[in-house]
Amino acid sequence: MAASQEYLDKMQLRQNYRNVWHTDLMRTISADTPFFYKIFTCSGPCVSYLLRKRALYDDMSRYTCCAGYMPCSGRCGESKCPELCLCTEVFCCFGNSVASTRFLLQDEFNIQTTQCDNCIIGFMFCLQQLACICSIVACLVGNDELSDASQALNCLADIVYCTVCACMQTQHKVEMDKRDGKFGPVPMAVPPAQQMSRFDQPNPPNIERDKWVWGATNPIEFSVGSVRALIEERLLPYDNFKIPWIKWVPLKVNVFAWRAGLDCIPSKDCLIKRGISINYMCSLCSVHSESSVHLLLRCGIASSVWDKVFMWCKAPKELILTIRDILILHNSWPFSTMHKKLLHAIFVTTLWCIWKARNAKVFENKALDPMEILGI
Ligand SMILES: [Zn+2]
């Protein structure tokens, strides 16, 4: 249940991404025609295996079944034999494996899902469901003509499914080509070799001066502003989320709450995304994967802490799905402004205390129970 909620949260978050795929689904065939036909003539699962491995930078120790997006993720013995697990995934759950690689790349590069992509994927699913319903009806009625029509529809649905999967895989391959610098401007061009003028030459040879080339933007002149624009475009999620700043708590607590709301704290899932190879299990419960939402809200220990905080504040415990919900929760209550500010200060401090308890467990191996976390 918690895993499916995290999945929905991530789907929601992807709406705010503002980067786009280097090539959209409609243009993938022309973007890399040989690769597209290779998927058809070769095998989709084999290509899916290679693409996932490449998406993980060929580091299979980072592999999680279905990239951590499905309920089975983390429970398939990935750590013991990731290669075998990935083989099983791509052959038994081919559709899921393609979708998981897609989500992995979207989350890494903040790539949004466009309306066009949604329509194509939605059409594919609708066609499959229609074909399934027709087959059932044809089976029940026993009419030969209807049976032929359902077979034709099934065939069409399969063709559409294979084509969309091949397009997606080509799209992923092109995106990783771009990531790995296989096309486009070379960021730092090597300066040309120098030539020395000889003593007996009246004039030095006409050579180009040595220079560094900033090839990431056009025009190619380097400026700090261009780097900032590039970082904003490629790395930072588009977001206008604002939280109230509370002067009653230390600055670091405010900053932590703000970063947690943006999912920018060094929780294990974020560290893994940045290429750090660590055990992904939650530092507090060691049962689920450690995301900021799980660690600060849904983990059993964190949940007990929140129960006690709400009881102590005599505030109604509402449905809280994300960290942002906690940060704006006080606004929905009919309390005075001072009362709301006080509750907000308590909530951000609670987030900070859970994070401190997590760090105490990780770095000092100190296990704290909910009462100790609250300092009661
Ligand atoms: Zn946990």
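**Note on a predicted helical chain**

1. Ser304 is partly exposed, having 15 other C-beta atoms within 10 Å; with C-beta atoms placed from the backbone, a residue is buried at 20 or more such neighbours, exposed at 12 or fewer, and partly exposed in between. Helix α13, residues 300-313, contains Ser304. The C-alpha atom of Ser304 is separated by 9.0 Å from that of Met371, a residue 67 positions away along the chain.

2. The model is predicted: local features need a pLDDT of at least 70, side-chain atom pairs count only at pLDDT 80 or more, and totals for chains, interfaces and linings use all residues. Residue numbers start from 1 along each chain as its sequence is written.

3. On confidence, the chain has an average pLDDT (the predictor's confidence in each residue, from 0 to 100) of 78, and 83% of the residues score at least 70. Helix α1, residues 2-14, has the lowest confidence in the chain, with a mean of 63. The highest belongs to helix α10, residues 251-261, at 92. Where pLDDT is low, the predicted coordinates should not be read in detail.

4. Of the 376 residues in the chain, 26% are buried. Taking contacts between residues at least 6 apart in sequence, 63% join residues at least 24 apart; a contact requires C-beta atoms, placed from the backbone, within 7 Å.

5. Helices α13 and α15 pack with their axes 11 Å apart, at an angle of about 155 degrees. Axes are lines fitted to C-alpha atoms, for helices over the stretch in contact, and angles between N-to-C directions run from 0 to 180 degrees. The pair α13 and α15 is therefore roughly antiparallel; the classes are roughly parallel under 35 degrees, roughly antiparallel over 145, roughly perpendicular from 65 to 115, and oblique for the rest. The crossing of α13 and α15 is right-handed. Helix α13 contributes Ala302, Val305, Trp306, Val309 and Cys313 to the contact, and α15 contributes Leu343, Ile346, Thr350 and Ile354. By class, the residues of this contact are 8 nonpolar, 1 polar and no charged. Ala, Val, Leu, Ile, Met, Phe, Trp, Tyr, Cys and Pro count as nonpolar, Asp, Glu, Lys and Arg as charged, and the others, Gly among them, as polar.

6. Helix α6, residues 94-109, and helix α8, residues 144-179, have axes that come within 10 Å and cross at roughly 30 degrees. These two helices, α6 and α8, are therefore roughly parallel to each other. Their crossing is left-handed: the near helix is turned anticlockwise from the far one by less than a right angle, clockwise being right-handed. On the α6 side the contact is made by Gly95, Val98, Thr101, Arg102 and Leu105, and on the α8 side by Cys165, Met168, Gln169, His172 and Glu175. The contact of α6 with α8 comprises 4 nonpolar, 4 polar and 2 charged residues.

7. Ser286 has a positive phi, near 55 degrees, in a residue other than glycine. The loop between α11 (268-273) and α12 (292-298) holds Ser286. Ser286 is exposed, with 11 other C-beta atoms within 10 Å.

8. Asn365, also not a glycine, has a positive phi of about 55 degrees. Asn365 is placed in the loop between α15 (337-364) and α16 (370-373). With 7 other C-beta atoms within 10 Å, Asn365 is exposed.

Technical notes
Helices (H or I, at least four residues) and strands (E, at least two) are DSSP runs, numbered from the N terminus. Two residues are in contact if their C-beta atoms, placed from the backbone, lie within 7 Å.
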